[in-house]
Amino acid sequence: MDGNVVIPGDVLFDVSENDELRNTILGPGLRRESDKVIVTKCGIVRHRKPNVYWIDAHHKKYIPARGEAVIGIVISKGSESVRVDLGSSEPATLSLFSFEGVSRRNLPIVQVGDVVYAKVLVANKDMEPEIICIDSHGKKAGLGVLPNRGFVFTVSLDVVRKILSPQCVLLKKLGEKIPFEIAVGMNGKIWICARTTFNTMLVYNCITLVEHMNKEEIENLCQTVADRFTAV
């Protein structure tokens, strides 16, 4: 099943045929109808043990999925919430109470134009997405408004999945030579900040180049960067 090419309408499996499949976690590209798991977009079936399934597809427009980390830009502000552009079909709502340690007398300062790193709390085709800036324990955990000194850019969703893959050495190798901070959103937006503008743009260029590279080519790219800094 893992690695199979599927199209919308295909039945991935019937959970009634195997009790072990009843607790399956469905990711993007799949939905459950009664006892059947139906494919909703073209792509390749992916499986992560023990019971997570999703469809890997090349998409530029992001479809929010619960639990995913995302980066967005605040486009409007209300008294108790803001609306955030995630690059999806609808803006997401971010409550000002979904930050660590807030109260009605101590609301966080979030302005239009700010870049926020958050997690998707609600993702439903019949509702606009809702995001939060705390983890399941109510802690910040690296989420929140990102410093304005960084650089935000957009890549394809394939690039995000690629650089976050345990098999991809890009970020690790670059970090050995270039100290930098990075926040990666599953919606294709990436925030980076290095000590100099040159280093920031170097990391940016490396990330944008890897989409169609194989493992060996990525390692060669990292070695080229390492040689340059060694020479300096």
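Where is Pro91 found? What we have here is a predicted model, where local features need pLDDT of at least 70, side-chain atom pairs count only at pLDDT 80 or more, and totals for chains, interfaces and linings use all residues. Residues are numbered from 1 along each chain as its sequence is written, and side-chain values use heavy atoms, with hydrogens and water left out.

Back to Pro91, then. Pro91 sits in the loop between strand S9 (81-85) and strand S10 (92-95). Leaving aside residues up to four places away in sequence, Pro91 touches Ile75, Arg83, Val84, Glu128 and Pro129, where contact means heavy atoms within 4.5 Å. Arg22 is another matter: 69 residues from Pro91 in sequence, and 33 Å away in space, C-alpha to C-alpha.

Now let me zoom out. The protein chain has 4 helices and 16 strands, and its C-alpha trace spans about 60 × 55 × 30 Å along the principal axes. Of its 232 residues, 39% count as buried. If you take contacts between residues at least 6 apart in sequence, 61% of them join residues at least 24 apart.

On to the largest pocket. Its volume is about 1700 Å³. For the method, we use a 1 Å grid over the protein atoms alone, and a pocket is an open set of points where a 1.4 Å probe fits, with protein on both sides within 12 Å along at least five of seven lines; lining residues have an atom within 4 Å of a point. Grid points are joined across faces, edges and corners, and the volume is the space filled by probe spheres set on the points. There are 46 lining residues, and Gly27, Pro28, Gly29, Ala65 and Glu68 lie nearest the centre. Among the elements giving two or more residues to this lining are strand S3 (25-26), strand S4 (30-33), strand S11 (115-124) and helix H1 (157-164). Sorted by class, the lining has 21 nonpolar, 10 polar and 15 charged residues. In that sorting, Ala, Val, Leu, Ile, Met, Phe, Trp, Tyr, Cys and Pro are nonpolar, Asp, Glu, Lys and Arg are charged, and the others, Gly among them, are polar.

Next, the aromatics. How many aromatic pairs does the structure hold? There are 4 aromatic pairs. Rings of Phe, Tyr and Trp (its six-membered ring) pair if their centres lie within 6.5 Å, and planes under 30 degrees apart are stacked, over 60 edge-to-face, and the rest tilted. Phe153 and Tyr204 make an edge-to-face pair, at 4.7 Å centre to centre and 85 degrees between the planes. This pair links distant parts of the chain, with Phe153 in strand S14 (residues 151-154) and Tyr204 in helix H3, 51 residues apart. Phe153 is buried at 6%, while Tyr204 is partly exposed at 24%.

Asn199 is buried, with a relative accessible area of 12%. Beyond residues up to four places away in sequence, Asn199 touches Ile178, Ala194 and Phe229.

Which residues of helix H2 (residues 170-177) are buried? They are Leu170, Leu171 and Leu174.

Ser34, in the loop between S4 and strand S5 (36-39), has a positive phi of about 60 degrees although it is not a glycine. Ala141, in the loop between S12 and strand S13 (144-145), is also not a glycine and has a positive phi of about 50 degrees. Ser34 is exposed at 65%, and Ala141 is exposed at 53%.

How values were computed
Buried means under 20% relative accessible area, exposed over 50%, partly exposed in between (1.4 Å probe, protein chains only).
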